[in-house]
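Subject: Structure handover and notes

Dear colleague,

I am passing on the structure we spoke about, together with my notes on what was found in it. Please read the notes with the structure open beside them.

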Amino acid sequence: MKEKYDVIIIGGSIAGVSAALTATNRGKSTAVITNSTESSSLYKAEKITNYPGIPAATGKEIADILNAQLASCGADVIQGRALSVMPMGDSFGVAFGSEFCMGGAVILAAGITREKLYPGEGEFLGRGVSYCATCDGMLYRGKRVALIGNNEESDHDAAFLEKIGCTVLRFRDNARYEIRGGIKADTVVIGGTEHKVDGVFIIKDTVSVTKLVPGLEYAEGGIVTDRKMSTNIPGVFAAGDCTGKPYQLAKAAGEGNVAALSACEYIDKKEK
Amino acid sequence: MAVEHLNGKSFNETIASGVTIVDFWATWCGPCRMQAPILEAFEAEMSGIVKVGKVDVDEEPEIAGRFNIFNIPTLIAFKDGVEIARNVGVTDVNGLKKLAGY
């Protein structure tokens with residue numbers, strides 16, 4: 001991993017790979033920050049029959065081809081979950097896990113994100129509710145914490161929290177949790193049962209994009225973009241399912257391509 | 001002036017007068033590392049107007065506990081020893097100015 005890239009792409013499924021292929025093609029140093037391929041919605045797709053150039057295939061088959069292309073295109077592939085994107089001077093800082101790197105432009109290709117929060121989640125975020133066990137876990141050493149999530153990342157985070165002495169209550173169901181508290185969150189309510197805890201970790205596949213990028217315009221189920229896939233923040237572009245319906249591979253691949261071209265143009269203009 | 005690392009004693013002395021921005025952070029946290037250069041840029045711009053300090057929550061759990069730090073980074077603005085504003089999560093230079101009241 002380098003400290004600074006021309007383009008940082010968040011998401012390594014078809015929109016992100018399409019963007020990475022185009023950006024590297026144009027000679028831009030590129031990093032792709034991505035979860036494990038198994039967590040992508042493409043990987044879970046049973047049959048894809050409408051992607052031009054590829055006869056009917058399973059999502060996994062297409063994901064395998066994409067991963068091979070990504071691995072050989074010259075982009076750095078970083079396993080991790082992006083936590084924060086922040087303008088820093090004329091670049092962007094992107095934080096993931098306990099690391100961060102800088103990018104001249106950022107392409108959001110993170111897939112469908114859950115923007116709707118649990119009751120109490122937004123209210124107590126930063127006051128007992130956290131999205132990052134490796135960031136905030138140490139503040140809860142030896143305490144009793146709830147961990148909501150059912151993915152690889154949440155298993156990893158649960159193991160981490162246990163290792164540092166936390167008692168971890170796992171909540172794996174895709175249900176409507178409610179978080180209550182006073183000055184800080186102290187209770188998780190599920191199915192009428194109250195669980196007293198010192199902290200609540202919510203580990204989604206993807207941090208909601210509006211939390212990931214402060215000030216990002218979002219409406220009607222997607223990040224708002226123009227035809228160049230520019231968002232309301234100069235230097236931040238978006239592609240794929242995160243820009244809204246239709247959730248189709250061909251649409252995502254096309255948007256990834258356009259977003260990368262726009263990102264390259266943005267960087268070239270800035271350097272002039 | 002520069003961004004000062006504060007401990008139990010220097011923390012109280014520093015925040016006691018004027019406006020101070022304090023970054024509660026830890027070494028293991030990626031967003032905290034991203035906050036560091038932003039904090040330095042803010043300090044360079046506001047030097048002489050706003051004091052800027054950092055508290056490592058691992059080394060100073062007492063201060064972190066006193067100010068109910070549950071997530072990091074947390075940025076708190078103090079005026080004459082009293083908290084006037086805080087923000088949880090990485091905060092850009094303009095956000096820091098807003099916290100400090102500028």
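This is a predicted model: local features need pLDDT of at least 70, side-chain atom pairs count only at pLDDT 80 or more; totals for chains, interfaces and linings use all residues.

Residues are numbered from 1 along each chain as its sequence is written, and chains are lettered from A and ligands numbered from 1 in the order in which they are written.

Chain B

Chain B contains four helices and five strands, where helices (H or I, at least four residues) and strands (E, at least two) are DSSP runs numbered from the N terminus. Read from the N terminus, the elements of chain B follow the pattern β-α-β-α-β-α-β-β-α. Its radius of gyration is 12 Å, close to the 13 Å that the globule rule gives for 102 residues, so chain B is as compact as a globular protein of that length; the radius is taken over C-alpha atoms, and the rule is 2.2 Å times the number of residues to the power 0.38. Taken along the principal axes, the C-alpha atoms of chain B fill a box of roughly 30 × 25 × 20 Å.

S1(B) pairs in the parallel sense with strand S3 (residues 51–56) of chain B over two bridges: Glu4(B) stands opposite Gly53(B), and the bridge partner of His5(B) is Lys54(B). S2(B) and S3(B) also pair in the parallel sense, over six bridges, and here Asp23(B) stands opposite Lys54(B).

The contact between the chains

The contact takes 20 residues from chain B and 24 residues from chain A, with two residues counted as in contact if their C-beta atoms, placed from the backbone, lie within 7 Å. On the side of chain B that touches chain A, the largest share, six residues, comes from helix H2 (residues 30–46) of chain B. By class, that side of chain B has 13 nonpolar, four polar and three charged residues, where Ala, Val, Leu, Ile, Met, Phe, Trp, Tyr, Cys and Pro count as nonpolar, Asp, Glu, Lys and Arg as charged, and the others, Gly among them, as polar.

Chain A

Chain A has eight helices and 16 strands. Its radius of gyration is 19 Å, close to the 19 Å given by the globule rule for 272 residues, so chain A is as compact as a globular protein of that length. Along its principal axes the C-alpha trace of chain A spans about 55 × 45 × 35 Å.

The axes of helix H1 (residues 14–25) of chain A and helix H8 (residues 249–271) of chain A come within 7 Å and cross at roughly 35°. The residues of H1(A) that meet H8(A) include Ala15(A), Ser18(A) and Thr22(A), and among those they meet in H8(A) are Ala252(A), Gly256(A) and Ala260(A). This contact of H1(A) with H8(A) has 12 nonpolar, five polar and one charged residues.

Finally, three strands of chain A form an open sheet in the order S10-S11-S12, with antiparallel pairing. Strand S10 (178–181) and strand S12 (193–196) of chain A stand at its edges, each with a single partner strand, so one side of each is left without a neighbour in the sheet. S10(A) pairs with strand S11 (residues 185–190) of chain A in the antiparallel sense over four bridges, and Arg180(A) stands opposite Thr187(A) in S11(A).

With best wishes

Technical notes. Axes are lines fitted to C-alpha atoms, for helices over the stretch in contact, and angles run from 0 to 180 degrees between N-to-C directions. Two strands pair if DSSP finds at least two bridges between them.
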